[in-house]
Amino acid sequence: MSQVKFFLDEKDMPKKWYNLAADLPTPMLPSLTVDGQPVKPEMLEAVFPRNLIDQEMSTKRWIEIPQEVREMLYRWRPTPLRRAVHLEKFLKTPARIYYKDESVSPAGSHKTNSSIPQAWYNKQFGIKRLTTETGAGQWGTALAFACHLIGLECKVYMVRVSFDQKPMRQTMMGLWGAECIASPSPYTNAGRAVLAEMPDTPGSLGIAISEAVEAAVTDPSGQTRYALGSVLNHVLLHQTIIGLEAQKQLKKARIKTPDIVIGCAGGGSNFAGIAFPFTLEKINGAKIDIIPVESAACPKMTRGRFAYDHGDVAGMTPLLPMHSLGSQFIPPAIHAGGLRYHGMAPLVSQAIVEGLMRPHSVDQLHSYEAAIIWARTEGFVIAPESSNAVACVIEEANKAKREGKEKVILFNMSGHGLMDLAGYDKYLHGKLESSQVAQEEIDKSLARVQKVHLAPLRKTGRFHS
Ligand SMILES: Cc1ncc(COP(=O)(O)O)c(C=O)c1O
């Protein structure tokens with residue numbers, strides 16, 4: 001009988017986060033103001049507390065996880081590393097498939113790895129209230145949980161299509177004391193402007209971010225800040241605990257380095273969490289194929305542009321150097337709401353430019369097919385976002401079979417799908433649609449980005465994905 005679970009004790013949970021910004025072979029471009037000036041820390045102070053801004057701008061390789069944060073993470077961390085032996089058998093592949101199970105957190109996904117430290121740093125800074133956006137509802141529930149533990153108020157703008165598809169996510173936020181509002185809403189200038197132009201819009205993460213930032217910066221008490229669930233450097237930093245644990249657990253499975261590392265990528269945080277510690281190994285000479293997987297409904301890495309673009313629709317955020325489809329892009333209403341974001345994290349984007357990562361995109365139907373195979377082999381019902389990673393895992397395991405290679409594949413199972421059964425139901429009844437986006441729609445959206453700034457593609461030429 002093969003060993004299928006690899007656990008770590010609490011004492012083995014990492015005490016530091018890993019910051020890829022310290023090791024990127026070509027340093028990241030700075031974020032810019034609309035008039036092209038590099039963003040200075042003080043310009044972000046209305047939005048984030050200073051301690052998180054310092055983390056955002058840090059190029060220190062290792063950053064200590066505060067003791068109090070570690071004590072909260074122990075509720076469910078370290079998470080298990082599992083081996084998907086039943087899927088391997090079903091596929092008749094010589095590949096060995098391992099995955100980090102992030103679905104075991106109280107909110108059901110990796111998002112609590114960052115919501116807890118973000119709420120904690122805000123509390124330390126004297127903040128009373130946080131606002132945020134949420135796509136599928138995972139980040140909103142994770143922040144609601146963290147704010148409840150730490151003693152902050154929490155207001156969540158949830159993308160309209162997910163608000164309607166996943167009402168139980170609102171209940172979860174409510175039980176931890178957060179207020180959840182469908183976005184676009186009539187309560188902010190950004191929301192009202194979108195509703196006036198497109199009253200029936202399904203909404204987007206870009207719109208919800210504009211609303212949440214506006215709500216934070218216009219609070220006259222000055223005691224509200226905004227928290228983002230992905231994209232920014234400090235969020236990716238917090239998620240690296242996933243990959244750092246996986247490195248220790250793979251050693252227990254007597255594996256030095258995986259051949260392939262895979263994660264689904266909305267704004268890039270769970271992917272970065274599993275991938276960045278292995279990206280450092282790759283920078284130092286290991287041969288690893290590192291694959292961020294996006295939805296074909298929102299293909300910023302495979303069909304977008306590396307450009308300076310806003311992180312939100314209203315242009316309230318600075319210009320970020322990232323792969324983007326344009327901040328006005330509204331993706332089709334797929335069930336993987338967490339992958340409906342127009343941009344990719346600047347750290348991941350720069351690693352792609354450098355050739356350290358090889359992006360891949362998956363159609364919604366293909367991802368559900370993979371989720372059903374997973375449920376019928378491994379047994380767990382996974383989040384629609386995670387199923388995009390599983391679709392890529394299956395492709396790579398089949399490729400290993402064709403090539404007769406015993407590859408080790410590691411991926412991040414970012415969350416469970418127990419609040420996402422409506423999508424499964426549609427798939428099982430043949431009502432789910434493909435999620436390809438027409439080229440003219442992408443071109444139209446990108447034309448606006450080109451008017452802003454194209455970011456220079458800086459790379460050493462040492463890596464080829
Ligand atoms: C389960 C799950 N996986 C993945 C994602 C995508 O976000 P990120 O790319 O930041 O990990 C989300 C976002 O909501 C999610 O809920």
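Predicted model: local features only at pLDDT ≥ 70, side-chain atom pairs only at ≥ 80, totals over all residues.
Colleague: Which residues of H5 are buried?

Modeller: Residues are numbered from 1 along each chain as its sequence is written. A residue is buried if 20 or more other C-beta atoms, placed from the backbone, lie within 10 Å of its own. In H5 these are Gln138, Trp139, Gly140, Thr141, Ala142, Leu143, Ala144, Phe145, Ala146, Cys147 and Ile150. Eleven of the 13 residues are buried, so H5 is largely enclosed by the rest of the structure.

Colleague: What covers the buried residues of H5?

Modeller: The cover includes helices H4 (112-124) and H7 (167-175), along with strands S6 (129-134), S7 (153-159) and S8 (179-183). Helices (H or I, at least four residues) and strands (E, at least two) are DSSP runs, numbered from the N terminus.

Colleague: How many Å should a helix such as H5 span?

Modeller: The expected span is 1.5 Å times one less than the number of residues. For H5 (residues 138-150) that gives 18 Å, and its end C-alpha atoms are 18 Å apart, which agrees. After H5 comes Gly151, with a positive phi near 90°.

Colleague: And what span does H11 reach?

Modeller: H11 (residues 241-252) has twelve residues and reaches 17 Å from first C-alpha to last, close to the expected 16 Å. Its buried residues are Ile241, Ile242, Gly243, Glu245, Ala246, Gln247 and Gln249. Arg254, which follows H11, also has a positive phi, near 60°.

How values were computed
Buried ≥ 20, exposed ≤ 12 C-beta atoms within 10 Å, placed from the backbone. Contact = placed C-beta atoms within 7 Å.
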